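I opened the structure to look up a few things and kept these notes. They go one topic at a time.

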Amino acid sequence: MKTYPFELMALPYAADALAPVISEETVMIHHGKHLQTYVTNLNTMVADTPFAQLPLEEIVKTAEGGMFNNAAQMLNHNLYFEQLRAPRTDNAPTGRLGEAITQQFGSFDAFRQQLSQAATALFGSGWAWLSVDAEGKLHITQNGNADNPLCHDLQPLLCIDVWEHAYYVDYRNRRADHVSAIWQLFDWDVVAQRYATALGL
């Protein structure tokens with residue numbers, strides 16, 4: 001796994017590919033400035049420390065303070081940008097992941113409503129996550145600021161970023177509109193692969 005020095009992840013799509021749900025301007029600011037700052041800060045903090053030998057996930061699980069904040073935000077954003085792709089209507093998971101969601105939440109629509117509510121209702125900045133535990137149970141959580149499910153013995157599968165820089169250019173203060181629209185962008189193949197990896201499938 002990659003260790004120090006960390007690099008800004010390359011987007012797996014063009015900066016304008018998520019429009020009109022997320023504009024090119026937002027992607028350029030969010031990825032090119034916010035995420036780049038976390039990467040730069042983390043490299044400065046871990047240089048010449050034992051953390052330089054650790055992969056990003058281990059730094060997130062063990063660091064504190066500013067190092068944790070920058071490492072976790074780097075990981076959170078990597079997971080976020082990797083899971084998106086061009087807008088698609090009627091976008092829903094299939095296969096093993098789709099079956100697990102339906103079995104645990106009753107339906108995909110019920111799951112979507114619960115995760116959307118977690119994202120919309122989170123006070124302040126942070127993330128709403130779908131994660132899986134070691135027994136294969138799915139969890140929806142609200143995580144403030146830079147917090148990541150890894151810190152709670154969960155494997156992150158899907159996230160919604162509700163820091164204002166993720167949506168303010170396009171939606172101003174209408175967080176709920178952003179949360180509703182982002183479901184068009186989720187790449188369920190990526191999420192399903194994370195699920196399979198977490199379960200050792």
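**Salt bridges**

I counted salt bridges and found three, taking a salt bridge as a side-chain nitrogen of Lys or Arg within 4 Å of a carboxyl oxygen of Asp or Glu. The model is predicted, so I note that local features need pLDDT of at least 70 and side-chain atom pairs count only at pLDDT 80 or more, while totals for chains, interfaces and linings use all residues. Residues are numbered from 1 along each chain as its sequence is written, and side-chain values use heavy atoms, with hydrogens and water left out.

I looked at Glu58 and Lys61, which form a salt bridge with the closest N and O atoms 3.4 Å apart. Why are they separated by about one helical turn? Glu58 and Lys61 are three residues apart in helix 2, so about one helical turn separates them. Helices here are DSSP runs of H or I with at least four residues, and strands are runs of E with at least two, both numbered from the N terminus. For accessibility I used three classes: buried is under 20% relative accessible area, exposed is over 50%, and partly exposed is in between, with a 1.4 Å probe and protein chains only. Glu58 counts as partly exposed because its relative accessibility is 30%, and Lys61 counts as partly exposed at 43%.

I then turned to Glu82 and Arg194, whose side chains meet in a salt bridge (3.4 Å, N to O). Glu82 lies in helix 3 and Arg194 in helix 8 (residues 188–198), so this pair ties together parts that are 112 residues apart in sequence. Glu82 is partly exposed at 36% relative accessibility, whereas Arg194 is buried at 13%.

I also noted the salt bridge between Arg174 and Asp177, with the closest N and O atoms 3.0 Å apart. Arg174 is partly exposed, with a relative accessible area of 39%, and Asp177 counts as partly exposed at 39%.

Is His77 buried or exposed? I found His77 in helix 3, and it counts as buried because its relative accessibility is 0%. The side chain of His77 makes a polar contact with the side chain of Asp161 (3.4 Å). A polar contact is a pair of N or O atoms within 3.5 Å; within protein, one must be able to donate a hydrogen and the other to accept it, and residues adjacent in sequence count only if both atoms are side-chain atoms. Leaving aside neighbours within four places in sequence, I listed what His77 is in contact with (heavy atoms within 4.5 Å), including Met9, His30, Tyr38 and Trp127.

Asp90 lies in the loop between helix 3 and helix 4 (95–105). Asp90 counts as exposed because its relative accessibility is 80%. I checked Asp90 against Gln184: they are 94 residues apart in sequence and 7.6 Å apart in space, C-alpha to C-alpha.

**Helix 1**

I read helix 1 as residues 24–46, which is 23 residues. Among the buried residues of helix 1 are His30, Leu35 and Tyr38. What covers the buried residues of helix 1 includes helix 2 (56–62), helix 3 (65–82) and strand 3 (155–161). I found that Asp48 follows helix 1, with a positive phi near 60°.

Technical notes
The expected span of a helix is 1.5 Å times one less than its number of residues.
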